[in-house]
Amino acid sequence: MFTTGSKLFLGATALSTVSAIVFGASVGGSAGMLGTIGLISVAVVFAFIAGINLFTRDGNVSATEADVERNTAAAQAGVGRSMWPLAAALGSAGLVVGAVSKPVVFKVSFVILLAAAAEWMVQGFSERVSADPKYNEGIRKRLLHPLEFPLLAAVGAIVFIYSFSRIMLNIDKDAGRWVFMVIGAIITAAGFIFAAKRGMGKSTAAGIITVGALALVGVGIASAVSGQHPIEEHPEITSAVCLGTASEAQIEEIDTKASQSVAAKSNVLANVHLTSDEQLYALNTGIGYVQYHEIMVPQSNTVHVMFHNDSAEPRRLTIHLGTFKAADGTEGSEEADCTTAVEKGGTAFLTFKITKSQLASTTPYRLTVPGVEDQEIKLLVP
Amino acid sequence: MDRSKETVSTLGRMPSTRRHWSRAALFTGVGLLLAGCANNAPQDIFEPKGENAKKIDTLQRPVFYIAGIVALIVIGIVGYAMWKFRDRGQDIPEQSHGNPKLEIALTILPAIILAAISVPTVISVFELDKKTDTECIINVTGQQWWWEYDYATGQCGDVKIDKPIVTAGELVIPEKTNVLLRITSRDVIHSYWIPALNGKRDAVPGRLHTLRMQADQPGIYTGQCTEFCGLSHARMRQAAVALTTSDFQQWVDNQLKEYVAPEAGSLAAEGEAVFTANCSKCHQVNDLKNADGSPVLSDPDLYVVSGVAPNLSHLMNRTAFAGWTFDLLTEECRTALWTAKPADFGAMYLKGVTPECFNEVALRDWLRNPPAMKPMFVDPNNLSSTGGKYRGMPNLNLKPDQIDQLIAYLLGRN
Ligand SMILES: [Cu+2]
């Protein structure tokens, strides 16, 4: 009687007819008019296709050969039970839940729905490729394995890395080193054992890996729940510390805990040296043989200088970044930045950017070393 | 045209589409070949005008010839094989694979050629990176879409620079002097290149790269930014001008001379007021004073992403503006300068843009509507991604008489 194809299109015809009626009745104006005409057209097209399907018996079975109908590929029952309808249902439900709760739920459900749709489609197609279920299964694998394996591997890697990172964030710095070494050693050892014991059964290996993975994910979840270990912030270097007006304790704190950045020497604008007899001079990058006591700094350029301390005391290099009126016209105080104190023979890196002309500041831009009198390097910012 | 005849005549030779292709290829080839012969090609990499570029040239020429000969041999053999063994319906010949002797020979031969080339290459690389003989340092900073030059104080060749000099677009250096450029960027990556004087060097924000510059004789050597840097990359050009020591001294003196305010009541004086009101927030003119005698200071960091705009104190001592793309000189004067003999070049260049030589149209167009001349990121209604700052110069909707006044004022910035 009704062929498979015609049933689908008859259903679609019915659906679009009903939609046309509902739409036409509920939406007014020209939009309602246009929509209804569109939906009716769709219904007509579906009805037409349904008719053709009926007439040609889906185009694949001769109406006269009744038993062919039972032996064709299309007439075969699906081989396996499929998990994809379930996954698709989950995905759709998640979509709805996500729409009203968290966007991430929506996105994940969307991906699940897409994946389920793709898998379901390919399964549905491959199960009817021929009358031979084995061959059909082969077709399915051929189509989907190149997609499934890398995706599953990626998901596996993400879960692994994420779990591991939660563990590392949870335990403290010193324990972290050990955990890293131990897990690494276990993985390496396992690799050796697998390689050496040829006779090991497939399921034994899979079992060991599964247990390991489950343990990792389990500890990872536990760690994520218990949260991160406290992370100590580097204290911010303040003008007061650089200008020597801060308290001893604050200065001490900066020198022991502030972050130190070092970069390639070839990138500095100048190397600033404090000699053993506490003389300060700069070597301008490019001219190594002149000791400069003023250097030009282009406006708004990010520049670096390297400080070399050859004096006996621990010293810092301070840059005086000028004094400006506040927006409301009140006098500001001098701004400064500096390196941490470096021991004799040590070096430190100072990065700065001066955006205003020297004329805009009431105090000069310059480099000094707190504690060393009468030594400075002028910074010329035209 | 007699179509039937053409069809008949092509039938005997090749299908007409194939003939179209070969004709197009021929034209392209000849065109490219002829382009190589242009005599007005200031950025020709085979015409070095300074020590560093000559080093590159001595290195690249033999390599170019060897590579050319190898290419000719390969193309010849392939062409011969294609012709000799073309399909004439003959039987497929016996198929063979591999010939160890030949393959070893063809591996060793190029290896020897490359090894030989690598010796002068490595030597040149180190020579071009030398910094111990520097006689002058100049900071070069790229930003969208122009170059700024900041002359450090101290000796520059035989000339002493007492105060920093800031200029744009046109690098001025003393001839026969080892100048070291210290190149960086204020926004994205650019690349500095004056083909006649040296190779390229990238300008990377936060990094300082050095590039040697030396010119054998006075003249103007052009170049362009060679790292794609956004909207107006094509309009980010530059030039290096070499002067004799005494001419360079004059140029420096002129850059550092005192500001001359326009005569009170003149059109230029009105221009000064318009400039102070509209332009000085971005552009610096050194020593420009407010009515109360306080200095007029620019704040480009508040308005422009890169934090700077060209210093206009001596605009008329440059020959082009806005990324060195638009001429400040009329075509006649520019040609005279560009083709001047080295001995006459300096005096001509130091005259700057005189009223007779001033290409007023371009500067007027610029003041009327800068982004119409050079695409820039300056739509005031669309600056949310830059926190309200411009990349380039916005249209300031100046009135015609304001433009007249500004032109008169700017013409005095020499
Ligand atoms: Cu550029």
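**Close-ups of a predicted two-chain model**

Figure 1. Start with one pair of residues: Arg182(B) has Thr210(B) as its bridge partner in strand 10 of chain B. This comes from a predicted model, so keep that in mind for every view here.

Figure 2

**Figure 3. Strand 1 of chain B and its two partners.** Here's a closer look at strand 1 of chain B. With strand 7 of chain B, strand 1 pairs in the parallel sense over 7 bridges; in this pairing, Ile138(B) stands opposite Leu181(B). With strand 2 of chain B, strand 1 runs antiparallel, and 6 bridges join the two. There, Gly142(B) stands opposite Trp147(B). Strand 1 and strand 2 of chain B also form a hairpin, with 2 residues between them.

**Figure 4. The two faces of strand 1 of chain B.** Is strand 1 of chain B largely enclosed or left open by the rest of the structure? It is largely enclosed, because 8 of its 8 residues are buried. Cys136(B), Ile138(B), Val140(B) and Gly142(B) point one way from the strand. Ile137(B), Asn139(B), Thr141(B) and Gln143(B) point the other way, and the residues on both sides are all buried.

**Figure 5. Nonpolar cores.** In soluble globular proteins, nonpolar side chains tend to be buried together. The largest nonpolar core in this model has 80 residues, and the members that touch the most others are Tyr151(B), Leu181(B), Tyr192(B), Trp251(B) and Phe321(B). Take Phe321(B): leaving aside residues up to four places away in sequence, its contacts include Leu315(B), Phe326(B), Leu328(B), Trp366(B) and Met373(B). A second, separate core has 34 residues, among them Leu274(A), Val297(A), Val303(A) and Leu180(B).

**Figure 6. The disulfide of chain A.** How many disulfides are there over all chains? The count is 3, and this view shows the one that joins Cys242(A) to Cys338(A), with the sulfurs 2.1 Å apart. The link is left-handed, at -75° about the S-S bond. It ties together distant parts of the chain: Cys242(A) sits in helix 9 (residues 239-243) of chain A and Cys338(A) in strand 6 (residues 336-338) of chain A, 96 residues apart. Both cysteines are buried.

**Figure 7. The disulfides of chain B.** Counting bonded cysteines along the chain, the pattern in chain B is 1-2, 3-4. One disulfide joins Cys136(B) to Cys156(B), S to S 2.0 Å, and it's left-handed, with -85° about the S-S bond. Cys136(B) belongs to strand 1 (residues 136-143) of chain B and Cys156(B) to strand 3 (residues 154-156) of chain B, 20 residues apart. Cys136(B) and Cys156(B) are both buried. Another disulfide links Cys333(B) and Cys357(B), their sulfur atoms 2.0 Å apart; this link is left-handed too, at -75°. Cys333(B) lies in helix 8 (residues 331-338) of chain B, while Cys357(B) is in the loop between helix 9 (342-350) and helix 10 (360-368) of chain B. Cys333(B) is buried, with a relative accessible area of 18%, and Cys357(B) is buried at 16%.

**Figure 8. A cysteine without a disulfide.** Cys282(B) is in no disulfide. The nearest cysteine sulfur, that of Cys279(B), is 8.7 Å away. Cys282(B) counts as buried, at 17% relative accessibility.

**Figure 9. How confident is the prediction?** The model scores ipTM 0.81 and pTM 0.72. Chain B has a mean pLDDT of 90, and 93% of its residues reach 70 or more. Over residues 1-13 of chain B, though, the pLDDT is below 50, and this stretch has 4 contacts in the model beyond near neighbours in sequence. Where pLDDT is low, the predicted coordinates should not be read in detail.

Note on methods:
Residues numbered from 1 in each chain as written. Chains lettered and ligands numbered in written order. Heavy atoms only, no water. pLDDT = per-residue confidence, 0-100. Contact = heavy atoms within 4.5 Å. Core = buried A, V, L, I, M, F, W, Y, C linked by side-chain atoms within 4.5 Å. Buried < 20%, exposed > 50% of the residue type's maximum accessible area, 1.4 Å probe, protein only. Pairing = 2+ DSSP bridges. Helix = DSSP H or I, 4+ residues; strand = E, 2+ residues; numbered from the N terminus. Disulfide = S-S within 2.5 Å.
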